[in-house]
Amino acid sequence: MSAQPRPDVSAPGPAAQTRTGPAGETRPGPAAGAPEARLLTEAVTRLRRALRSSIRTDYPWETLPMAQVELLQVLGEHSPARISDLAARRRLAPSTVSGLIGQMISAGLVARDVDAADRRASVVTLTDAGREKLAAWTTAHERRIDAALGALDDDAREAIGNALPALFQLAENLGGETGEAPAER
């Protein structure tokens with residue numbers, strides 16, 4: 001996998017920079033001096049795309065759609081859960097979550113049970129197969145990220161390590177995984 005150049009936000013220059021794409025083509029890059037929000041959005045997008053692509057290349061068995069992985073992650077932390085709770089946590093429509101859960105039940109990753117607190121309602125729980133799939137997915141991703149971090153110099157690794165608390169705080173300010181709006185200040 002070829003490294004993509006990073007946008008240089010410190011250099012003065014024209015309103016737009018260019019970067020080279022994976023096939024060697026020239027693409028417009030972010031504007032010089034672009035706001036941090038735009039650069040962070042681009043960095044997160046590139047990270048997700050690169051990780052998803054590298055996992056599918058290095059681990060062809062990994063075919064689980066990201067939406068299902070995210071539901072498994074929520075269930076790994078908050079199980080059992082009602083469909084409406086899962087929908088709120090992932091900011092999805094309940095009908096979308098219900099459809100995904102149906103697929104996951106068919107795949108044996110989750111099971112639907114009666115809610116012990118309200119026997120009229122149902123809850124979703126991880127199965128052993130779901131726990132194993134989530135653990136394998138997590139391990140594969142951690143291995144890929146660890147390898148990529150290992151290829152960085154000490155200063156870059158330290159910068160990433162130092163940024164982690166702020167990134168978690170940013171996620172919380174964006175509403176985190178709960179679907180709640182950020183607190184007013």
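Me: Where does A87 lie?
Reply: A87 lies in helix α3. Helices are DSSP runs of H or I with at least four residues, strands are runs of E with at least two, and both are numbered from the N terminus. This is a predicted model, in which local features need pLDDT of at least 70 and side-chain atom pairs count only at pLDDT 80 or more, while totals for chains, interfaces and linings use all residues. Residues are numbered from 1 along each chain as its sequence is written, and side-chain values use heavy atoms, with hydrogens and water left out.

Me: Is A87 buried or exposed?
Reply: A87 is buried, as its relative accessible area is 2%. Buried means under 20% relative accessible area, exposed means over 50%, and partly exposed is in between, with a 1.4 Å probe and protein chains only.

Me: And what does A87 touch?
Reply: Leaving out residues up to four places away in sequence, A87 touches L92, A93, P94 and V97. Contact here means heavy atoms within 4.5 Å.

Me: How far apart are A87 and S98 in space?
Reply: Their C-alpha atoms are 8.6 Å apart, and A87 and S98 are 11 residues apart in sequence.

Me: What comes between α3 and α4?
Reply: A loop that includes R91. The phi of R91 is near 60 degrees, a positive value in a residue other than glycine. Most residues other than glycine have a negative phi, and most peptide bonds are trans. R91 counts as partly exposed, because its relative accessibility is 47%.

Me: Which residues does a cis peptide bond join?
Reply: S79 and P80, with omega at about 0 degrees. P80 is in the loop between α2 and α3.

Me: Back up to α2, then. Why does its length agree with a helix?
Reply: Helix α2 has 12 residues, 66-77, so at 1.5 Å a residue it should span 16 Å, and its end C-alpha atoms are 17 Å apart, which agrees. The expected span is 1.5 Å times one less than the number of residues.

Me: Which residues of α2 are buried?
Reply: Q68, V69, E70, L71, L72, V74 and L75.

Me: Why does Q68 count as buried?
Reply: Because Q68 has 6% relative accessibility. Q68 touches L100, Q103, M104 and L109, with residues up to four places away in sequence not counted.

Me: How do the axes of α2 and α4 cross?
Reply: At roughly 85 degrees, and they come within 10 Å. Axes are lines fitted to C-alpha atoms, for helices over the stretch in contact, and angles run from 0 to 180 degrees between N-to-C directions. The two helices α2 and α4 are therefore roughly perpendicular to each other. Angles of 65 to 115 degrees count as roughly perpendicular, under 35 as roughly parallel, over 145 as roughly antiparallel, and the rest as oblique.

Me: Which residues make that contact?
Reply: A67, Q68, L71 and L72 of α2, with V97, L100, I101, Q103 and M104 of α4. By class, the contact of α2 with α4 has 7 nonpolar, 2 polar and no charged residues. Nonpolar covers Ala, Val, Leu, Ile, Met, Phe, Trp, Tyr, Cys and Pro, charged covers Asp, Glu, Lys and Arg, and the others, Gly among them, are polar.

Me: What about α2 and α5, how do their axes cross?
Reply: The axes of α2 and α5 (residues 128-150) come within 10 Å and cross at roughly 110 degrees. That makes α2 roughly perpendicular to α5. The contact is made by M66, V69, L72, Q73 and G76 of α2 and G130, L134 and W137 of α5.

Me: Which residues touch the most other members of the largest nonpolar core?
Reply: L72, L86, I101 and V110, out of 20 residues in that core. A nonpolar core is a set of buried Ala, Val, Leu, Ile, Met, Phe, Trp, Tyr and Cys residues joined through side-chain atoms within 4.5 Å. The largest share of this core, 5 residues, comes from α2.

Me: What does L72 touch?
Reply: L64, M104, L109, V110, L126, G130 and L134, not counting residues up to four places away in sequence.

Me: Last one: how many helices and strands does the protein chain have?
Reply: The protein chain has 6 helices and 4 strands. Along the sequence, their pattern is β-β-α-α-α-α-β-β-α-α.
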